[in-house]
Amino acid sequence: MAAGLGAIAGICTGYVVQAGQDPTPLPPLSQPVIRQAKTGAEPLSAAADRRVKTDGDLRKLLLRKPSGARAAENLQGDDGWLDMAAYAKAYDHPDDEFGHLIETEFRRAAVTGWTSGSTSVEVRLIQYRQEETLGARAATKNNQYWKEAEPGTRTLPVPGTTDGQAYVRSRPDSGVDRAYGAEAYAWRGDIAVEIFVRDSKPVSGAKVVDLAERQMERL
């Protein structure tokens, strides 16, 4: 009996002594160290980041009026800006177009234009939010679809784009002035480009393609 009590007392004494000591650290786990890959990538500078450019004043990305040309006087919008209602008014069915702009997530638009001799030019940049759909691409494809269906229209590619197209009409329109027309539609990122050229004589395909190419370079 005494031997048993002595053993118990010894065990208790050992626990008390151990409890009063600092814990012994566990050995490290034996596993390979995973090193983070070094890609060398750095954040884009403001000059290289296209979003910095396109999120600024959209009007600054428009083509500049040529020297000697007169600023257009009959453009829709205010001070170079086109809100959704003003942009929709440029179409034959504004109410339908207004609803379409809502569906394609219209954000804002800018416009410029000029007249030189008998030639008038209008350039629009339409920017989309593109949260649920690629609005710029969809709008461009829709305009191209209808232009390609028009009789007497010649189609030309816009260099520097994947699917930008220019359209030159070989016959005058049915309006009072019986003007000839040419148009171009292209897109880059969240911006759709629309260019309209009118003249009293047939419009050169090279002219409208050059305008479209230079405008795309500014984006």
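**View 1. The hairpin of β7 and β8 in the predicted model.** Two residues lie between the strands of this hairpin, and G189 adopts a positive phi near 65°. Strands β7 and β8 pair in the antiparallel sense, with 9 bridges between them. Within this pairing, E183 has F196 of β8 as its bridge partner.

**View 2. Strand β7 and its pairing with β6.** On β6 (residues 165–169), the pairing with β7 is also antiparallel and extends over 4 bridges. Here A166 has A184 of β7 as its bridge partner. Of the 9 residues of β7, 7 are buried, so the strand is largely enclosed by the rest of the structure. In a regular strand, side chains alternate between the two faces of the sheet.

**View 3. The largest pocket.** This pocket holds about 1000 Å³ of space. Its lining consists of 31 residues, and those nearest the centre are A90, Y91, R124, E183 and F196. Two or more lining residues come from each of α4 (94–103), β4 (119–128), α5 (135–148), β7 (180–188) and β8 (191–199). By class, the lining comprises 12 charged, 10 nonpolar and 9 polar residues.

**View 4. The second largest pocket.** The volume of this pocket is about 190 Å³. Thirteen residues line the second largest pocket, with L75, D79, G80, V111 and T112 lying nearest its centre. The lining is made up of 5 charged, 4 polar and 4 nonpolar residues.

Terms used: Residues are numbered from 1 along each chain as its sequence is written. This is a predicted model: local features need pLDDT of at least 70, side-chain atom pairs count only at pLDDT 80 or more; totals for chains, interfaces and linings use all residues. Side-chain values use heavy atoms; hydrogens and water are left out. On a 1 Å grid over the protein atoms alone, a cavity is a set of points where a 1.4 Å probe fits but cannot get out, and a pocket is an open set with protein on both sides within 12 Å along at least five of seven lines; lining residues have an atom within 4 Å of a point. Grid points are joined across faces, edges and corners, and a volume is the space filled by probe spheres set on the points. Ala, Val, Leu, Ile, Met, Phe, Trp, Tyr, Cys and Pro count as nonpolar, Asp, Glu, Lys and Arg as charged, and the others, Gly among them, as polar. Buried means under 20% relative accessible area, exposed over 50%, partly exposed in between (1.4 Å probe, protein chains only). Two strands pair if DSSP finds at least two bridges between them.
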